[in-house]
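Subject: Handover of a structure and the findings on it

Dear colleague,

Please find below the structure that I am handing over to you.

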Amino acid sequence: MPDEIPRAIAELMLQGVPLEGMDGDNSFIQVDFIKAVFKELEALTGGAKVTTMGILGTQSTGKSTFLNAMHNFNFAVAAARCTKGINFMLIPINEDFKKKQAIAADYLLTLDTEGLKAPLSHLS
């Protein structure tokens, strides 16, 4: 895999673009690629501290909508099943917020997951 691709993805993540960490069409996680992207993120941020928040729940219960409302994200939302797989989004934590909330991290990595009990029709 060319070294430029993980770096380009890391740069996009730093601009707020989500990364599909688990392919929702075939439930595949390309572990080496994800590791390469996170290695590039570490280099680009100078080893900044990252805290992680995942959201898990049944299908169509508003997980992505919740993340969008809480953090001004742009995860796709719809009345029917929308999220496929697992999507990562990285956002910087505001310095004032860090002080007020006593947070020791520089970034928040969110994991938006496909709903539990989602139909498996996309796997056939």
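Helices and strands are DSSP runs numbered from the N terminus, a helix (H or I) having at least four residues and a strand (E) at least two. The model is predicted, and for that reason local features need pLDDT of at least 70 and side-chain atom pairs count only at pLDDT 80 or more, while totals for chains, interfaces and linings use all residues. Residues are numbered from 1 along each chain as its sequence is written, and side-chain values use heavy atoms, with hydrogens and water left out.

Overall layout

The chain contains 4 helices and 4 strands. Read from the N terminus on, these elements follow the order α-β-α-β-α-β-α-β. Of the 124 residues of the chain, 32% count as buried; here buried means under 20% relative accessible area, exposed means over 50%, and partly exposed lies in between (1.4 Å probe, protein chains only). Contact means heavy atoms within 4.5 Å. Among contacts between residues at least 6 apart in sequence, 66% join residues at least 24 apart.

The nonpolar cores

A nonpolar core is a set of buried Ala, Val, Leu, Ile, Met, Phe, Trp, Tyr and Cys residues joined through side-chain atoms within 4.5 Å. The largest one has 11 residues in all: A10, M13, L19, F33, I34, V37, L41, F88, L90, Y107 and L109. Two or more residues of this core come from each of helix 1 (4-14), helix 2, strand 3 and strand 4 (107-113). Helix 2 gives the most, with 4 residues. Apart from this core lies another, of 5 residues, among them M89, I93, A105 and L108.

Leaving aside residues up to four places away in sequence, M13 touches L19, V37, L41, F88, L90 and L109. With the same exclusion, F88 touches M13, P18, L19, G21, I34, F38, L109, T110 and L111. F88 lies in strand 3, and its C-alpha is 8.9 Å from that of T113, although 25 residues separate F88 and T113 in sequence.

The aromatic pair

How many aromatic pairs does a search of the whole structure find? The search finds 1, where rings of Phe, Tyr and Trp (its six-membered ring) pair if their centres lie within 6.5 Å, and planes under 30 degrees apart count as stacked, over 60 as edge-to-face and the rest as tilted. The partners are F38 and F88, in an edge-to-face arrangement with 5.7 Å centre to centre and 70 degrees between the planes. Because F38 belongs to helix 2 (residues 31-44) and F88 to strand 3 (residues 86-92), the pair ties together parts that are 50 residues apart in sequence. F38 is partly exposed, at 28% relative accessible area, whereas F88 counts as buried at 12%.

Salt bridges

A salt bridge is a side-chain nitrogen of Lys or Arg within 4 Å of a carboxyl oxygen of Asp or Glu. By this rule the count comes to 4. In one of them, E40 is joined to R7, with the closest N and O atoms 2.8 Å apart. This pair links distant parts of the chain, E40 being in helix 2 and R7 in helix 1, 33 residues apart. E40 is buried, with a relative accessible area of 19%, and R7 is partly exposed, with 34%. R7, E11 and E40 are linked in a network of salt bridges.

K98 takes part in a salt bridge with E95, where the closest N and O atoms are 3.2 Å apart. E95 and K98 are 3 residues apart in helix 4 (residues 95-101), so about one helical turn separates them. The side chain of K98 also meets that of D106 in a salt bridge, at 2.7 Å from N to O. K98 is buried, at 10% relative accessible area, while E95 is partly exposed at 47% and D106 is partly exposed at 26%.

A backbone feature

Finally, A102 lies in the loop between helix 4 and strand 4. Most residues other than glycine have a negative phi. A102 is not a glycine, yet its phi is positive, at about 55 degrees. A102 counts as exposed, at 69% relative accessibility.

Yours sincerely
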